[in-house]
Amino acid sequence: MTNILKISADLKKYPLGIVRYASYALSGNLFVFIRKISASKAEISFSPKKGKMDAKMVSADFKKNLEDETLRDFIWEANKKLREFLILKAITAQERAPEPEKAEGLTPEQEKELEKLIAEVEEEIKKESSGAGGGGDPLKIKQTWEEKYGDESEK
Amino acid sequence: MAMKAKNKELKVASMQWRKRGGEVLVTNDFGYHLRMKESEFKNWLSGRLSESSPLYEKLARGGFVGDRLDFEDLASKWRKRNSFLFSGTGLHIFVVTLKCNHKCLYCQSGAVGEKSGKTDMSWSVAKKSVDTAFQSPRSSITIEFQGGEPLCNWEVLKKTVEYSRKREKETGKTLKLALVSNFSLMDEARASFLLQNRVSICTSLDGPASLHNKNRIFSGGNSHALTLKWLKYFSDRHDNQDGKIPVYKTSALLTVSRYSLERHKEIADEYVKLGLENIFLRPLSPIGYARRLWSEVGYSAEEFLAFYSRSLKYILELNKKGVKLREKTAQMLCQKIFNFEDPGFLDLRCPCGASVGQLAYNYDGAVYTCDEGRMVGWEGDDFFKVG
């Protein structure tokens, strides 16, 4: 049992950011002080907030956290583009437009428009059938039943 | 573990994790979470977890497996959880006065005595504040009246309510009005006006009389008795409303002081007795009087958490017996964890609601990121002042 534990970390193996996260993961019960000694080495001091600490346990916990943080960093970097893509997709997604109301039949305007179109088409057919002096259909093949024999109701 | 993962094709999507007691909780930005044994976690990361196992299937469904991501689902979950980012500032807090007739031990709002002058919001400032609030791009906004005790500046409060309703009609926005009051200056005419104008009402209730009155010192009488009187009044109006003008259920806020720590059962029982269905166990903020009296009313984070844990356990026991009482923090966290929703509580957002979710309009016209920012300003640091 001791009151202060100093651990050095190889910054070539573990970047300072990872060392920092791994150290602060233990800051619930311990005071943490990180000092960069050289470009490749940092020293981390741990001391208990209350009572004494088990140096072996702290050392083992710190090592585990270093591994965890390394993995976190790796997963974070490896998924960076995918994560950005998903968030961009979420941000730029358009709200779904409300479904149009189901048509319950034609509106009066639509009915008028339709009747007008039918009349235009019928007119064109008539013109075609009577075209070129009306001699284009001597056997009156293009004539409808009603045109030939009149409407049934008329009988 | 990391090296093994590097040697394989990575199938682990972006995630966070926390190890505790042989278990690992994994979460991601889209709101999914999963608990597993530490051995299962290791197997998964090292590629030894069978893709046909139920755990792998759960991981895939939660967006944790890199090559089995449902883009539509994940993007939609993220958007739902962060919907507040797309809508503009919704909560507009009007500090209509700093005057208050209470001397609560934990007061953080910078309240001053009733006779202190120059801390009332003027009508011109109130009107401009309403106009500013209505500039928010949101289709629905809330104006909340706070203080001090807002009823100390009744005339301006009344005019502001009327003007806000007028602006609501003009702009077509939906407006919610809310008042936080200790009820000590409430009377029949004021209550009636508030109900007519659909103002929802919230008060402070710290528990049974002995505790409430110890925390909330009121020289003008019994704070607890007045609170109960008006709580009953508004509850009766809510329960017997005629349907013409909706009457919202009155709610109460609890502030936990050192004196509350051992009285969790009495506090919950008091809320149940009064027919309140929500209880919000809020810790003290070390601002204002609370900071100065911290040695008397304050406590450590561990002490608060122990209190919270005891209280929640007791509330859940009550729930099992059929008693309706919801603890707000637990409710909001469940909403976030299980429903992928933002409950609208600005302190629990990331980023927090400062400016993007709320604005606080001080009595003198200064605008702050939030009411807490305004309180820090009152302490002498205007870092959170935005206008």
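Reader: Which residues of helix 4 of chain B do A:Leu86, A:Ile87, A:Lys89 and A:Ala90 in helix 3 of chain A meet?

Author: In this predicted model, those four residues of helix 3 of chain A meet B:Phe71, B:Leu74, B:Ala75, B:Trp78 and B:Arg79 in helix 4 of chain B.

Reader: At what angle do helix 3 of chain A and helix 4 of chain B pack?

Author: Two packed helices are described by the angle between their axes and by the distance between those axes. Here helix 3 (residues 80-92) of chain A and helix 4 (residues 71-81) of chain B pack at about 65°, their axes being 8 Å apart, and their crossing is right-handed.

Reader: Turning to the sheet of chain A, what is the order of the three strands?

Author: The order is 1-3-2, in an open sheet with antiparallel pairing. Strand 1 (5-10) and strand 2 (30-38) of chain A each have a single partner strand and stand at the edges, so one side of each is left without a neighbour in the sheet. From one strand to the next, the twist averages 20°.

Reader: How many bridges join strand 1 to strand 3 of chain A?

Author: Six bridges join strand 1 to strand 3 (residues 41-48) of chain A, and the two run antiparallel; A:Lys6, for instance, has A:Ser45 in strand 3 of chain A as its bridge partner.

Reader: Which strands of chain A does helix 2 of chain A lie across?

Author: Helix 2 (residues 55-78) of chain A lies across strand 1, strand 2 and strand 3 of chain A, running at about 25° to strand 1. Helix 1 (residues 16-24) of chain A also lies across strand 1, strand 2 and strand 3 of chain A, and runs at about 160° to strand 2.

Conventions. Residues numbered from 1 in each chain as written. Chains lettered and ligands numbered in written order. Predicted model: local features only at pLDDT ≥ 70, side-chain atom pairs only at ≥ 80, totals over all residues. Pairing = 2+ DSSP bridges. Axes fitted to C-alpha atoms, helices over the stretch in contact; angles between N-to-C directions. Contact = placed C-beta atoms within 7 Å. Left-handed = near helix turned anticlockwise from the far one by under 90°.
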